[in-house]
Amino acid sequence: MSPLLEIRGLSVSHARGARRFLAVEELDLVLAAGEVLAVVGESGCGKSTLLASIARLFADPRSRIESGSIRLAGGELVGLSEERLRLLRGSAIGFVFQDAQAALNPVLRVGAQIEEGRRSGSASTLELLARVGLPEPERVAASFPHQLSGGMRQRALVALALAGRPQLLLADEPTSALDPVLGREILDLLVGACRREGMGLVLVTHEIALALRYAQRVAVMYAGRIVEIARAQELGTHARHPYTAALLASDPARTPRGQRFRAIPGAAPAAGEPVTGCAFAPRCTLVREHCRHARPPLAGGSACFFSEEVRP
Amino acid sequence: MSLPVCELRDAVVRHRGAARPALTGLSLQLFPGEFLAVAGESGSGKSTLVRALARHLPLESGTLAVNVERHRLQLVFQDPYASLDPRQRAGAALEEVLHVHRREGSAAALLSEVGLAAALADRFPHELSGGERQRLAIARALALEPAGLLLDEPVSALDPSHRAQVLNLLVELRARRGLACLLVTHDLALVRVLADRLAVLEEGRLVECGPAVELLARPTVAATRRLVEAAGL
């Protein structure tokens, strides 16, 4: 059986002035139907660009896919016309973004927006709104987005994403603007819907703790590449890339009381900055001379020459 | 016990035109040198509380006592642009505050105190990373030799690594300067690491307040339990 989503050799570039630089480089990723995969990393690592490239919804219209292939249920998306892609967005591919206010149409009532996105065979609009935990679906359906609280808007956005019964759901920091109690409820909803409907979910987040809690597999991105990918349980206990270990150590929940929080020294290479060797080398505690000259390939789930030496 | 840096008693705050008050009968003290965390779900009144303490919002009833000079209680926002002029370079922004308030000290010393390289003095806020910008906002507050910092979710928009740096800075400042810190956060994992006391708000009321370690281990109200659970503690 072919995977639901199969990305091969994907490179994506952003424009800055007259120059272009790669935000995602030679990236491979596979997602099975019904699987929840989290992509984690610091801002600027390319995780949102990766997600945007799947449906070609770039924040900057000058961004473009340079090479590679993105297949959804076997069908190639790269090179597809804008018109064909538009048909897939909202039907085969659903979205939940961080900013529900921006994602919902401000001049259309919530119910009408969901009705518009509904496919035959989907639950009714009111049923969808009830399913995402909105207590008064009739009132919400008749409301404009600005009349709802932030939490209600985010729930409405989830209902809208589910209305098209997508095969693939793309979620970019869907809860980072919400308090953790609400955030948890929204993620429970998303993950529950994926299990029930056999949807695939790609969850982009900068919180590794969230990724470990909700995803079956976690991909860690750094400077436009995946540096580690593993089952969540394994990654949480046996990181095999120094960057993953550093991210885990920076999780406040793993910091003992009264101790300093663990920051990762230095900064990721700036966008467009040329990198030779391993991009993480300047910040790495395990770095050797070799790392500064040769780029470690992603092999056996880790892009580190010394993955056996990584300690949590 | 020493005099609190600031203290609210039975405070009621109502936003203009709102039927329900945003804070109801709230009493809370911030003591010198303590690290007080204020937690609660969205809409519980955390930011209103901070704004009331900073006199940015009037009280409908109740009292606010600030026992230090007004400028010695400084506010730090989630979005550092709220206190930084985007057209002013980092060094100039600090010089200006020092000059206007006739303070000793230099921009270079303030930058160094918050762990920013001297070279960053020539940068505009947008040329700094989110974490650097937040440290600059803290440096600006330090220029006024505060006795207390009111911090409204200063790290919730930051990456884990920048978050760690800013939080470590707060812990250092408190130790070095004896600063009182009131930190609004909804992340109880942070609270467990650094706070002395925890106050939990729900619908504008203070529903729990006490030693952070005890409350996290044995929350007595549902609001705290939900937050503890969501933090994965």
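**Two chains and their contact**

In chain A, 65% of the contacts between residues at least 6 apart in sequence join residues at least 24 apart, two residues being in contact if their C-beta atoms, placed from the backbone, lie within 7 Å. This is a predicted model, in which local features need pLDDT of at least 70 and side-chain atom pairs count only at pLDDT 80 or more, whereas totals for chains, interfaces and linings use all residues. Residues are numbered from 1 along each chain as its sequence is written, while chains are lettered from A and ligands numbered from 1 in the order in which they are written.

Chain A holds eleven helices and ten strands, where helices (H or I, at least four residues) and strands (E, at least two) are DSSP runs numbered from the N terminus. Its C-alpha trace spans about 65 × 50 × 45 Å along the principal axes. A compact globule of 312 residues would have a radius of gyration near 20 Å, and the 20 Å of chain A therefore agrees; the radius is taken over C-alpha atoms, and the globule rule is 2.2 Å times the number of residues to the power 0.38. Of the 312 residues of chain A, 51% count as buried, a residue being buried if 20 or more other C-beta atoms lie within 10 Å of its own, exposed if 12 or fewer, and partly exposed in between, with C-beta atoms placed from the backbone.

Chain B has eight helices and nine strands, and its C-alpha atoms fill a box of roughly 50 × 40 × 40 Å along the principal axes. For its 233 residues the compact globule would have a radius of gyration near 17 Å, and the 18 Å of chain B agrees. Buried residues make up 49% of chain B, and residues 24 or more positions apart account for 70% of its contacts with a separation of 6 or more.

Where the chains meet, 28 residues of chain A are in contact with 23 residues of chain B. On the side of chain A, the elements giving two or more residues are α7 (150-163), α8 (180-197) and α9 (208-214) of chain A, and α8(A) gives the most, with four residues. By class, this side of chain A has twelve nonpolar, eight polar and eight charged residues; Ala, Val, Leu, Ile, Met, Phe, Trp, Tyr, Cys and Pro count as nonpolar, Asp, Glu, Lys and Arg as charged, and the others, Gly among them, as polar.

Helix α11 (residues 242-249) of chain A is mostly covered, with seven of its eight residues buried. The buried residues of α11(A), including Tyr243(A) and Leu247(A), pack against β3 (36-40), α9, β9 (217-222), β10 (225-231) and α10 (232-237) of chain A together with α5 of chain B.

That helix of chain B, α5 (residues 160-177), also has a partner within chain B: its axis and that of α4 (residues 130-142) of chain B come within 9 Å and cross at roughly 20 degrees. Because angles under 35 degrees count as roughly parallel, α4(B) and α5(B) are roughly parallel to each other. The contact is made by Gly130(B), Gly131(B), Gln134(B), Arg135(B) and Ile138(B) of α4(B) and by His162(B), Gln165(B), Val166(B) and Leu169(B) of α5(B). By class, three nonpolar, five polar and one charged residues take part. The axes are lines fitted to C-alpha atoms, for helices over the stretch in contact, and angles run from 0 to 180 degrees between N-to-C directions.

Terms used:
Parallel < 35°, antiparallel > 145°, perpendicular 65-115°, else oblique.
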